[in-house]
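Trainee: I have just opened this model and would like to learn how to read it. Could you walk me through a few features?

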Amino acid sequence: MIWGIFKRDMCHATRNVIAVIVSMGLVVVPALYAWFNIAASWDPYGNTKALKVAVANNDKGYKSDLIPVRVNVGETIISTLHANDQLDWQFVKSDKAIDGVKSGEYYAAIVIPKGFSADMMTLFSPDIKHAQLKYYLNEKINPIAPHITDQGATTVVNTIDKTFAKTIAQVGLDLASSILHYSQSPQMAEYMRNLNGNLTTTADTLSGASQQVTSYSQLLGSANDIVDSTGKLLASATKAGKQAQNALKQGKSGATSLTSAGANVTSSVNTALDQVSGAFDQVAAKVNKAFDAIGKGSDTAASQLATLSEQISSGESLYDTYITSLNHMRESVEQLPDSDSAKQALLEAIDREITLLEAAKGDSQKLAQQLKDASTQVTQDTAAAERSRKEILNRITSAKQSISNVRDDYATNVKPKIDALASTVSTLISQTDSMITQLSGTADGLDDVTGDVGTNVTSIRSTLGAIAKKLDSSAATVKELITKLETGGNAGDGNSDGGDGDNDADSGESDELRALATANASTLSTLISAPVALHRVSVYPIANYGSAMAPFYTILSIWVGAIILCAMLKVTISDREKAHVLGLGDTLPRIAGPSGPGNASRWGLRLDHEYFGRYAIFALLALLQGTLVCLGDMYFLGVQANHALQFLAVGWLAALVFSNIVYTLTVSFGDIGKAVAVVLLVMQVAGSGGTFPIETLPKFFQMLYPFLPFPHAIDAMHAAMAGSYGNEYLLDMVYLALFLIPSLLLGLVLRKPVIRLNNWVSRNLESTKVM
């Protein structure tokens, strides 16, 4: 039955020339549809040179002391774009460029502002500005053109970035090269020798200063001991001695520098000695008073003399302390450099002072003994007591003379030497700013002290110790700098053979720097401006944009061909054709009832026979459509097809599936089915992923994507063109073939209940005489 229907359909289709022409047209028209679209989109991005984009340069350029070359990025952009054929660049004034975009003469315009170069150079200033290009775009002319011109604008921006980086890098490399060449000149070598000599002298001076500061610190320690000893002596002698000690402590509070501190110490010592001398006058008065009381009470006089003897004796040990302190001072002075002119004179003065103190000590001892002897004599012999009185008074006079000698010698010999030494140290301290600052702080501390000379001297010694350490550290730093300069000079001369590992490393670094500075600056600057190159590796490469779009337009044309077939060919079989197939003449018996599908089933022509019998010619013409469009793609247009047979197989399967779907919709629902086929076509154009990736489409289309035949057919054709990953091609072919199941189910089973409804709709539409 199926074969019989197909034979009669073929006879009718080839009965006359018009039928043959129409049949050929049904085969060719879908192919033309595909070929025109593929050819039109063969290389659209390769023809962007016809798109007019205006460029206006208002840049005034920039030049500064930092970059000793005139920079005009705008001129560089214009020069670069003259050699660029990506777009049709039009170089005009800014007013014309903007007006041309508005009128549609130009698709876009790029305007370079006046301060563009100056804004870019703010990279080297605290107030950085972002350089901006003005980009005008007419978006109403064409939906795709803005994206193409955007790409051109991006090219301009990339060109600016690379040019800017290249210019800065080239200037820097040229400057480094000049510095390297100058560093190897004889003038630079002479400068380095002078610098090393000056640094060596500086290091020696710092070391000597550190030694002198240390010696002076030790000397101040000895002076502090003397001050303490003097205070104790005055305190043990009389109440005047305590006052002298307070005066000695208070004398330090007014000192604001090391020199003034030494002067105040000297003044305090003189005051103390004067008061000691006065104390002996008081002792003499008390002696006279004691002897005058002999007549009144010998025991009282003896007790007073014994008390005076003990007081004088208790002070003898302090003379030893005073002498020991002078010896310590003498040791500190001996540590001073021999070249110091004040050293020997101060040593002689200290020795003389020690001799005088020893003499004063002897007089004090004799005075104490005489007072003791007198305390026993006053009770025994009045005449002997009077002799003792004269001897004691003479001894007191002698002791006062000894103290006067100590004071005079201190003022004449020791004080000038200490002042000279203080002046020398003051001169040394003034050579260093940090030393002056530290000693000034010490003087300020001394001003705040009200009575503790020893504490101030300790503070001064601590400060001097810190200064000495800083001087030593500075000297070590200068020596290290000298070593590095000498090492660097040897490495620069290439004479580091036999050196240690550090010298070898420095030589290697110098060689690398020399190689970098002597290389081609233009080449290196180009590398710095674009350090990364994009190496594109195509996986399953497609030859051109036309080949990439061929699967979409090919599959689309096959679906369009199926719709055309259903529009031009009848999907139902008339009763006359059924009678001829059954051999019943020209008409079916009246018992068959109204004309329609399945009305000849009692004579053996079932509904499925009618379905497949009429579909056979649809399938044949659809296969011819698929074959022609695929062969034309490959051999007429030159579309890439690495696997030609697989490419053809996709076209054949798509033709069968699409024609069956459209045929089934039409045979089941008539003209309504044709409208549904057109709706499916529109949905698949948007949701097939043939143009834009399915991931970029709205969520609805992403959900609909797996349930449409287009995506699977397009993916299978892509695999046939460029290669398949695993079973990708076979799976897509299976998915595409599965769409035959619901189509056949609708055409053979589900359409039976709606046949009468469809016939009723058709009769009503025909009754309108319009539809």
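**Reading strands, a helix and a loop**

Mentor: Happy to! Keep in mind that this is a predicted model.

Trainee: Is strand E3 enclosed or open to the outside?

Mentor: To judge that, look at how many residues are buried, meaning under 20% relative accessible area. In E3, residues 108–112, five of the five are buried, so the strand is largely enclosed by the rest of the structure. Both faces are covered: Ala-108, Ile-110 and Ile-112 lie on one side, with Ala-109 and Val-111 on the other.

Trainee: Which strands pair with E3, and in what sense?

Mentor: Strand E1 (residues 52–57) pairs with E3 in the parallel sense over five bridges, and there Val-55 stands opposite Ile-110. Strand E4 (residues 134–137) runs antiparallel to E3, joined by four bridges; here Val-111 faces Lys-134.

Trainee: How do I check the span of helix H20?

Mentor: Compare the expected span with the distance between the end C-alpha atoms. With 31 residues (607–637) at 1.5 Å a residue, H20 should span 45 Å, and its ends are 43 Å apart, which agrees. H20 also has a kink of about 30°, centred on Ala-616. Just after H20, Gly-638 takes a positive phi of about 85°.

Trainee: And in a loop, is Ser-574 buried, partly exposed or exposed?

Mentor: Ser-574 sits in the loop between helices H18 (545–568) and H19 (575–582). Its relative accessible area is 37%, so Ser-574 is partly exposed. The C-alpha atoms of Ser-574 and Pro-597 are separated by 8.9 Å, although these residues are 23 residues apart along the chain.

Technical notes. Residues numbered from 1 in each chain as written. Predicted model: local features only at pLDDT ≥ 70, side-chain atom pairs only at ≥ 80, totals over all residues. Heavy atoms only, no water. Buried < 20%, exposed > 50% of the residue type's maximum accessible area, 1.4 Å probe, protein only. Helix = DSSP H or I, 4+ residues; strand = E, 2+ residues; numbered from the N terminus. Pairing = 2+ DSSP bridges. Expected span 1.5 Å × (residues − 1). Bend = angle between axes of the 7 residues up to and from the residue.
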